[in-house]
Amino acid sequence: MSQQSIAQNTAKPWTYWWWMGSTVTESDITWQLENFAKAGLGGVHIIPIYGVKGLEQQAIPFLSPRWMQVLTHTIREGKRLGLGVDMTTGTGWPFGGPNVTPDLAAKKWQYNNGKFESVLTKQAVKRAAPGGAGLVLDPFLENAIPRYVQRFDSAFATIKELPRAMYNDSYEVYGANWTTDFLEQFRKRRGYDLQNQWAAFTDTTTALVKIDYHQTLAELLHENYAKKWTDWSRTKGFLTRYQAHGSPGNLLDLYAEADIPETESFGSSQLPIKGLRVDEQYEVDRYGTPNALAMKFASSAAHLTGKKWVSSESTTWLANHFKVSLSQIKPQIDELFTAGINHVFYHGTTYTPKNEAYPGWLFYASTNYGVHSHFWKHYPLLNKYIERCQEILQNSQPDNDLLVYFPIHDLWATKARASGGIHLLEVHHVDKWLLKLPFGQLSDWLWKNGFSFDFISDNQLQQWNPSTLPKYKTILVPATTYLPETTLARLQALAQAGVKVVFMEHLPMQPTGFLQQTQRNEVFQKNLTNWTQNAPSIVPTFDNLEKTLSSLNIKQEQWAKNGLRYIRKTENGKVIYFIANQNQTFEEGWITLASAAKGVNLYNPLTHESRPLATQTVAGKTQVYLRLLSGESCFLKLNDTPSSTTTSSTRLPVPSFGLDGKWKIEFLEGRPFLPKAAVMDKPSSWASLSDSASYFSGTARYSLTFNLPPNFPINRKFVLDLGDVREVAEVTINGKKIGTAWCLPFRLEIPANTLKTNKNTLQIEVTNLAANYMRLRDTQKPDWKKFQEINMVDIQYKPFDASKWQAMPSGLLNDVKLETSKD
């Protein structure tokens with residue numbers, strides 16, 4: 001696959017594609033890929049996992065000659081259909097399998113009779129496919145990856161059709177905190193014998209040995225695991241997608257090794273968007289929530305190393321099975337975009353044979369993007385929205401001007417809550433590590449107050465050349481206790497080269513490292529004193545920080561304080577903003593841009609429409625009049641053409657009225673059967689009409705004939721406000737298709753002269769979720785749950801049983817309103 005075709009495919013969203021037991025056939029692979037292409041996907045990521053009960057004989061062992069045949073067929077068909085193909089370097093997760101002998105397997109330490117001893121964790125590959133079961137690989141051992149990939153060398157030796165990329169899932173090597181030659185590596189790297197420092201290692205008053213221990217683990221993970229895997233992949237012609245999170249290493253260094261750093265969005269961010277529904281069974285205390293700051297570790301690594309793509313495992317467990325709506329997905333995708341992600345991977349799609357009865361084969365972790373999904377008919381709308389956004393995001397460059405130093409040594413100095421006594425930097429519970437650090441609190445403040453920034457590690461500071469990345473004007477150092485001497489020296493050198501270095505609250509207090517700490521600290525303090533005489537900035541509070549950054553000409557988008565999340569980028573020298581209103585504190589008004597422009601165009605990726613916005617200059621700053629309701633998103637494209645658009649103060653009043661009358665509801669298609677038609681005094685949920693309607697999953701049509709009030713201006717554009725829609729609404733007025741409302745807010749623009757003074761016919765076809773039908777299905781025929789290993793679980797990881805669910809509201813839930821458009 002050429003780089004050009006890859007670039008074309010990556011604008012479209014891709015999907016994880018679980019091969020259950022690798023029980024696949026060429027004909028069904030082709031059928032599914034053709035459906036994926038029609039739906040607007042750009043590629044698939046193959047992950048072989050556990051199988052289906054009763055089909056054990058049809059399972060294809062991983063990397064066997066037959067498995068390589070179906071992989072080759074997949075890649076060829078993908079090329080024919082314009083679909084890329086990635087695969088995991090293993091089955092399930094993490095790396096491991098039958099070729100991992102005990103000497104290569106993950107290890108932990110134990111301390112007996114004054115000595116460290118190495119013992120196996122005995123962890124096995126999770127959700128392994130046939131041919132992939134076995135022990136988990138030691139991620140710290142020098143020869144583990146080279147020996148592990150020999151199996152892949154053999155399998156691909158005669159294969160000409162290759163996947164685009166190899167994939168490494170999130171760390172999830174639990175309890176591993178040691179390797180065979182750890183003591184030797186520690187002595188070589190830290191300069192002393194860990195064996196002789198047991199008292200210092202367990203001392204609660206000092207953390208220096210613990211920091212050295214974590215530093216050694218991080219270096220071994222980086223050198224022996226991440227780098228060796230990416231180097232091997234590239235020699236074989238594969239790109240790499242790497243989920244570094246969950247590991248005990250410095251995420252910024254690990255992500256940077258990959259061609260495509262990949263973050264993860266697990267669960268619901270529970271954003272305060274008007275009307276956004278959150279699954280009440282999702283356990284925040286147990287699983288945490290997605291957080292844009294965690295996502296920025298991946299995008300920061302990409303920005304600092306010039307990587308075009310930053311990907312994400314997206315919408316994992318967004319809600320329970322059969323309960324995820326498109327309107328819940330879009331805000332999560334928008335959050336990813338604002339955090340710098342531009343290559344979305346859905347989580348995900350399960351391989352399902354063409355002749356398999358509904359609901360098909362399903363992976364245990366929602367969300368289901370497969371052909372049997374209740375939103376499959378409207379799936380292309382989401383895919384087209386993402387494609388339009390990613391086309392811009394992938395072909396523009398970040399315009400961040402602030403670097404925030406990540407003081408990982410301060411994290412290592414705190415008590416580890418993870419198994420094995422080490423810090424696993426996961427993306428789920430950022431509240432338990434990232435947000436507790438001064439680093440996290442600082443980053444959260446910057447994020448909410450409209451500053452564009454990237455994170456930078458100690459290693460990246462050494463490699464960063466300000467002349468090649470000149471937009472970064474300032475390095476911000478959070479309140480930090482421990483700082484490597486090499487980092488201090490580099491900060492001083494950068495300051496001498498003209499880069500502004502700002503410290504929050506105080507200067508670092510001492511160098512890292514246990515060896516000769518007293519002598520080294522004396523030199524460290526002298527260097528700090530000498531530097532202080534040259535006046536590096538020390539900012540005591542966030543209020544002072546806002547003024548300091550302003551004085552350093554760091555751009556601030558003040559409107560971010562209203563809950564407008566954004567990313568600022570440039571394309572051909574022109575500034576572009578992607579903005580998502582993920583709160584309820586802003587609706588419309590003048591906003592002041594930190595970037596100057598004569599004109600501003602708004603591009604709506606939902607409708608593919610562009611229009612100029614009213615602009616004005618106030619106190620030398622460009623202001624633009626923006627209307628963006630809660631849940632909406634757009635691009636602002638700055639240009640040199642003055643706008644002649646009128647301001648809001650000259651706009652006409654906006655009359656609106658509710659559509660009253662007798663509403664008829666007819667059931668068009670769905671399962672288990674079509675309920676009887678009914679008449680309503682006002683729109684309401686069809687699930688409350690009858691017992692049969694409460695089990696219905698499919699599409700129903702709401703119809704109304706209405707007249708306009710006297711003197712209503714029919715020659716103007718209108719907006720139809722559908723209110724609370726469950727879940728997707730296709731609207732027709734007077735026989736003309738108006739559009740489909742699938743995301744918040746559920747509003748559609750009606751062209752001028754579409755309406756008549758009298759006898760307007762409104763038809764709204766609404767499609768709901770599959771949840772209500774599955775209530776009945778699990779009572780009558782729960783036979784679809786036939787999967788090995790974890791079969792099936794709900795969002796709380798309890799046995800899945802929809803028969804106990806209450807009926808979910810479906811259809812139109814409140815009044816439908818008509819108003820004249822402000823645009």
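## Basis of the model

Residues are numbered from 1 along each chain as its sequence is written. In this predicted model, local features need pLDDT of at least 70 and side-chain atom pairs count only at pLDDT 80 or more, while totals for chains, interfaces and linings use all residues; side-chain values use heavy atoms, with hydrogens and water left out.

## A three-stranded sheet

Helices (H or I, at least four residues) and strands (E, at least two) are DSSP runs, numbered from the N terminus. Two strands pair if DSSP finds at least two bridges between them. Three strands form an open sheet in the order β23-β27-β26, and their pairing is antiparallel. At the edges are β23 (588-592) and β26 (615-618), each of which pairs on one side only. From one strand to the next, the twist averages 30°, an angle taken between N-to-C directions on a scale from 0 to 180 degrees, with axes fitted as lines to C-alpha atoms.

Five bridges join β23 to strand β27 (residues 621-627) in the antiparallel sense. Ile591 has Val624 in β27 as its bridge partner.

## Nonpolar cores

Residues are called buried under 20% relative accessible area, exposed over 50%, and partly exposed in between (1.4 Å probe, protein chains only). A nonpolar core is a set of buried Ala, Val, Leu, Ile, Met, Phe, Trp, Tyr and Cys residues joined through side-chain atoms within 4.5 Å. In soluble globular proteins, nonpolar side chains tend to be buried together.

The largest nonpolar core here has 185 residues, and Trp67, Phe156, Phe297, Phe322 and Leu446 have the most contacts inside it. Helix α8 (residues 208-235) supplies the largest share of this core, 12 residues. A second, separate core has 38 residues, including Val725, Leu748, Leu755 and Val816.

Leaving aside neighbours within four places in sequence, the residues in contact with Phe322 include Tyr358, His374, Met774, Trp784 and Trp805. Contact means heavy atoms within 4.5 Å.

## Salt bridges

A salt bridge is a side-chain nitrogen of Lys or Arg within 4 Å of a carboxyl oxygen of Asp or Glu. The whole structure has 46 salt bridges. One of them joins Arg80 to Glu34, with the closest N and O atoms 3.1 Å apart. This pair links distant parts of the chain, 46 residues apart: Arg80 is in helix α3 (residues 65-81) and Glu34 in helix α2 (residues 26-39). Arg80 counts as partly exposed because its relative accessibility is 48%, and Glu34 counts as partly exposed at 30%.

Arg164 and Asp86 also meet in a salt bridge, at 2.7 Å from N to O. Here 78 residues separate Arg164, in the loop between α5 (150-155) and β8 (165-168), from Asp86 in strand β3 (residues 84-88). Arg164 is buried because its relative accessibility is 4%, and Asp86 is buried at 0%.

Within helix α8, Asp231 and Lys227 lie four residues apart, about one turn of the helix. Their salt bridge has its closest N and O atoms 2.9 Å apart. An α-helix has 3.6 residues a turn, so residues three or four places apart point the same way. Asp231 is partly exposed at 33% relative accessibility, as is Lys227 at 36%. Elsewhere, Asp399, Lys471, Lys555, Glu557 and Arg568 are linked in a network of salt bridges.

## Helix α15

In helix α15 (residues 438-448), the buried residues are Phe439, Gly440, Leu442, Ser443, Trp445, Leu446 and Trp447. Gly450 follows α15 and has a positive phi, near 85°.
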